[in-house]
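This report describes a protein model together with its ligand. The sequence and the structure are shown first.

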Amino acid sequence: MRRSMSQRVLVTGGAGFLGSHLCERLLADGHDVLCVDNFYTGTKRNVTHLLEKPLFELMRHDITFPLYVECDRIYNLACPASPIHYQFDPVQTTKTSVHGAINMLGLAKRTRARILQASTSEVYGDPEIHPQTEDYWGRVNPIGPRSCYDEGKRCAETLFFDYQRQHGMDVKVVRIFNTYGPRMHPNDGRVVSNFIVQALRGEPITLYGDGLQTRSFCYVDDLIDAMVRMMGTEKGFYGPVNIGNPGEFTIRELAEKVISLTGSKSKIERKPLPQDDPRQRQPDIALARSKLGWQPKVALDDGLKETVRYFRALLAQ
Ligand SMILES: NC(=O)c1ccc[n+]([C@@H]2O[C@H](COP(=O)([O-])OP(=O)(O)OC[C@H]3O[C@@H](n4cnc5c(N)ncnc54)[C@H](O)[C@@H]3O)[C@@H](O)[C@H]2O)c1
């Protein structure tokens with residue numbers, strides 16, 4: 001039964017944090033998975049355990065260049081996702097989002113594959129409405145240091161919807177909110193990995209601003225489940241759909257949870273807020289609930305425990 005429903009699935013950015021979990025899930029569902037990555041922020045270590053599986057294939061390729069393979073489904077995740085990484089080479093970041101989307105949409109058009117774009121809550125910028133619904137157009141600075149990512153992702157969404165309108169393509173767009181879990185990068189400056197690594201090393205925990213800015217945190221397993229469900233929705237439903245955990249925590253609360261879960265003696269150290277850092281970010285997931293029959297299941301404490309376990313093992317290596 002499983003084999004007969006097996007599809008050839010291309011995952012771009014498959015050696016990254018989310019991509020590697022997605023590859024695992026697709027293999028477990030019986031699909032033939034081609035993982036494409038240029039290892040810019042991802043690493044072979046994230047998928048080493050999959051290499052021996054007969055239905056898994058790893059290809060080094062930069063999606064800013066065209067790719068000619070056969071596939072039935074494409075998940076387009078390739079893009080550096082943390083400010084430290086996407087600001088390191090901002091032109092390449094925009095190219096990955098924009099040229100990458102054009103190349104992957106071209107491939108989907110040729111192969112008649114269904115294609116899903118991993119977009120982001122950053123398309124809402126520093127939002128004036130709270131929580132954010134999908135019909136909100138956002139408040140994004142087009143010329144700031146985060147714009148390479150935010151505007152690149154916005155343009156990728158535009159391309160997805162234009163390819164749909166112009167060529168009748170089968171596209172899906174999800175907007176991912178802060179996600180955390182094992183295989184996050186230890187030094188990418190994202191708040192969950194930052195705090196855990198600092199706590200495990202006994203270093204001060206850096207809190208930007210007053211720490212009262214809020215974020216929502218979705219555990220990776222919940223996120224992957226929503227992406228797979230989105231890919232399985234009926235033709236004609238394109239999204240965009242917010243995926244995230246609406247549970248809202250202040251950054252200070254997160255720091256305190258991490259200190260308590262790690263048993264660390266780290267102290268909290270305050271630093272100035274970076275430019276264009278949003279005060280509040282929380283998904284409205286009513287659409288995901290109704291169209292995907294999905295809502296996050298993993299509580300922050302449980303997800304943090306798994307993530308702490310991962311980083312403890314990583315730092316011990
Ligand atoms: N993790 C989150 O909280 C979050 C939130 C919103 C959106 N997203 C989106 O989800 C996707 C995956 O994010 P992640 O957290 O796993 O980040 P990640 O950096 O771990 O993964 C991105 C992967 O893409 C690869 N990559 C980058 N540029 C490439 C290129 N030009 N060609 C081929 N591969 C390339 C990297 O090497 C890496 O393996 C990204 O598109 C990101 O924008 C993630």
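## Overall architecture

The model is predicted. The protein contains 9 helices and 13 strands. Its radius of gyration is 19 Å, close to the 20 Å that the globule rule gives for 317 residues, so the protein is as compact as a globular protein of that length. The C-alpha trace spans about 55 × 45 × 40 Å along its principal axes.

Of the 317 residues in the protein, 56% are buried. Among contacts with a separation of 6 or more, 81% are made by residues 24 or more positions apart.

## The ligand site

The ligand is surrounded by 31 residues, of which D37, T41, Y149, K153 and R190 are the closest. By class, this shell consists of 14 nonpolar, 13 polar and 4 charged residues.

A polar side-chain atom of D37 is placed 2.5 Å from an oxygen atom of the ligand, and a polar side-chain atom of R190 is placed 2.7 Å from a nitrogen atom of the ligand. At C79 the backbone is involved: a backbone N or O atom of this residue lies 3.3 Å from an oxygen atom of the ligand. On its own the ligand has 820 Å² of accessible area, and the protein covers 98% of this area. Two or more residues of the shell are given by each of the elements α1 (17–28), α3 (90–111), β5 (114–120) and α4 (147–167). The largest share, 3 residues, comes from β5.

## R183: a buried arginine in a loop

R183 is located in the loop between β7 (179–180) and α5 (191–201). Why does R183 count as buried? Its relative accessible area is 15%, and R183 is therefore buried, the limit being under 20%.

The side chain of R183 takes part in two polar contacts described here. One, of 2.6 Å, is with the side chain of E24; another, of 3.0 Å, is with the side chain of S20. When residues up to four places away in sequence are not counted, R183 touches F17, S20, H21, E24, N46, H49 and Y310.

A polar atom of the S147 side chain lies 3.3 Å from the backbone nitrogen of I143. Leaving aside neighbours within four places in sequence, S147 is in contact with N141, P142 and G152.

R281 is 35 residues from P246 along the chain, and the C-alpha atoms of R281 and P246 are separated by 9.1 Å.

Technical notes
Residues numbered from 1 in each chain as written. Predicted model: local features only at pLDDT ≥ 70, side-chain atom pairs only at ≥ 80, totals over all residues. Heavy atoms only, no water. Near = heavy atom within 4 Å. Polar contact = N/O pair within 3.5 Å; in protein donor to acceptor, adjacent residues only side chain to side chain. Areas by Shrake-Rupley, 256 points an atom, 1.4 Å probe, with all protein chains shown as cover. Helix = DSSP H or I, 4+ residues; strand = E, 2+ residues; numbered from the N terminus. Nonpolar A, V, L, I, M, F, W, Y, C, P; charged D, E, K, R; others polar. Rg over C-alpha atoms; globule rule 2.2 N^0.38 Å. Buried < 20%, exposed > 50% of the residue type's maximum accessible area, 1.4 Å probe, protein only. Contact = heavy atoms within 4.5 Å.
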